[in-house]
Amino acid sequence: MTELVLLLFRFLVGWLAIQASITLVFLLFLQSPQKSSLPDEELPKVAVILCLRGGDPFLPYCLRSLLQQNYPQYDLKLIVDSKEDPAWKIANDAIASLGATNVQVSPLSIRRYNCSLKCSSLVQAVSELDDSYKVVALADGDAVVHPNWLRDLVTPLDDPKVGATTGNRWYLPTGKYWGTTVRYLWNASAVVQMFFYGIPWGGTLAVKTEVIHQTGLLDRWARAYGEDTMIRRVLGQHGLKVKFVPSLLILNREETDLPRLLEWMKRQLVSSRLYHPQWWAVIADAIQTVILPNLLLVLFLVALCTQQWDAAILALTTFSGYILGLLLLAIALEKGVQQVISKHGEPTAKLSPATVVKILIGILLTNWTHGFALLSSLWMSTVNWRGAIYRIKGPWNIKLIEYRPYQLLDQPVDSKVSL
């Protein structure tokens, strides 16, 4: 048994070294200088599209931030699932309070049954644009962006080799629910992986309008479950790349409990299973991140029961060292991201001893939750998203099988909990 534990020790040390190297590359990229913003006269006209179903906890702040951008020519296009939706009133109240004129609110008029509701909304919004809009920017209802968000998003598109730009969300590690801590850790790992694989986030995403038509992206959205994960592969087929912009890490203050988190993780993994260009790598990552450390725990218990003390000590030491290594990586990531987020006046989490201990425990919970969510997602054929149910048979074989308008009573009791 000692030989097996030693083998696992070598695997985990190597894997931790790889994770540390990728994290270091990401942190160095966050500190790299950004391209200077284009002058106002060179910035193209943009349509910012926000698709809504349900009143996200910070939606009023999201709308205000989108309507107060430091950008010369842009219009906000809101597609709300229905006029019964809580988001309809929230949106109109926010617009009225600001007296905004560069915004249009429309209900989803054509509900397609062979794609997701968000993709239906995107197809509707993009199809209605005239030729004056040279860029389409996408946002999510949970993204409260800084005033230069759109300027930072559009500027890199000046490069003819860049077809799309993106950022990512970053959660606070503090909160009263364990689900909040687990989501923070799971997402932190996902942010690094998405950077490494060039996968964009639909909550902060800009695509040249000509690229949407050139690549047939609109037709793909009309048959898809998710809008963002596919983009790297689609653009790559046309010699274009996705550019990650460090200043577009967007802080999310929402919370979640473990049951809601589990369903959210499963939906994210289903989207990856369908459209991720290296899905096999996601599986390989899970094997090394989830199975190997837990195998060490099993070997520790077996060695303990069979009084193989040397093997038990080695297994426990290796497992503890690996978890401690992950904790140090999480702290390094948090510190690095804080330097980016704080530049926009966003609050940063204080890594008190209590918070660090909670993150340490959260690493174990994240490990087990991720493993369970991944296994569940492998055979998931139906997905429930805010009351809309889809049957999924393949990337381009999606069917909306149950629909009803989102209602105020569907909102969580805790106003800070994600929908």
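## The lining of the largest cavity

The residues that line the largest cavity divide into six nonpolar, two polar and one charged, and they are Val 144, Val 145, His 146, Leu 249, Ile 250, Leu 251, Ile 341, His 344 and Glu 346. Strand β7, which runs over residues 241–252, supplies three of these residues, the largest share of that lining. The model described here is a predicted one.

Rolling a probe the size of a water molecule over the atoms shows where empty space is left. In this chain the count comes to three cavities of 30 Å³ or more, and the largest cavity holds about 50 Å³ of space.

## The second largest pocket

The second largest pocket has a volume of about 290 Å³ and is lined by 18 residues, among which Gln 34, Lys 35, Pro 156, Lys 243 and Val 245 lie nearest its centre. Taken by class, this lining has seven nonpolar, six polar and five charged residues.

## The chain as a whole

The secondary structure of the chain comes to 13 helices and ten strands. The radius of gyration is 22 Å, close to the 22 Å that the globule rule gives for 419 residues, so the chain is as compact as a globular protein of that length. Along its principal axes, the C-alpha trace spans about 75 × 45 × 40 Å.

Buried residues make up 57% of the 419 residues in the chain, while the chain exposes about 18200 Å², of which carbon and sulfur atoms supply 59%. Among contacts between residues at least 6 apart in sequence, 81% join residues that are at least 24 apart.

Cys 51 has its place in strand β1, which covers residues 46–52. Cys 51 counts as buried because its relative accessibility is 13%, and buried means under 20% relative accessible area. Leaving aside neighbours within four places in sequence, Cys 51 is in contact with Ile 79, Lys 118, Ser 121, Leu 122 and Ala 139.

Gln 34, one of the residues nearest the centre of the second largest pocket, is 17 residues from Cys 51 along the chain, and the C-alpha atoms of Gln 34 and Cys 51 are separated by 29 Å.

Key:
Residues are numbered from 1 along each chain as its sequence is written. This is a predicted model: local features need pLDDT of at least 70, side-chain atom pairs count only at pLDDT 80 or more; totals for chains, interfaces and linings use all residues. Side-chain values use heavy atoms; hydrogens and water are left out. On a 1 Å grid over the protein atoms alone, a cavity is a set of points where a 1.4 Å probe fits but cannot get out, and a pocket is an open set with protein on both sides within 12 Å along at least five of seven lines; lining residues have an atom within 4 Å of a point. Grid points are joined across faces, edges and corners, and a volume is the space filled by probe spheres set on the points. Helices (H or I, at least four residues) and strands (E, at least two) are DSSP runs, numbered from the N terminus. Ala, Val, Leu, Ile, Met, Phe, Trp, Tyr, Cys and Pro count as nonpolar, Asp, Glu, Lys and Arg as charged, and the others, Gly among them, as polar. The radius of gyration is taken over C-alpha atoms; the globule rule is 2.2 Å times the number of residues to the power 0.38. Buried means under 20% relative accessible area, exposed over 50%, partly exposed in between (1.4 Å probe, protein chains only). Contact means heavy atoms within 4.5 Å. Accessible areas come from the Shrake-Rupley method with a 1.4 Å probe; for residues, only the protein chains shown count as cover.
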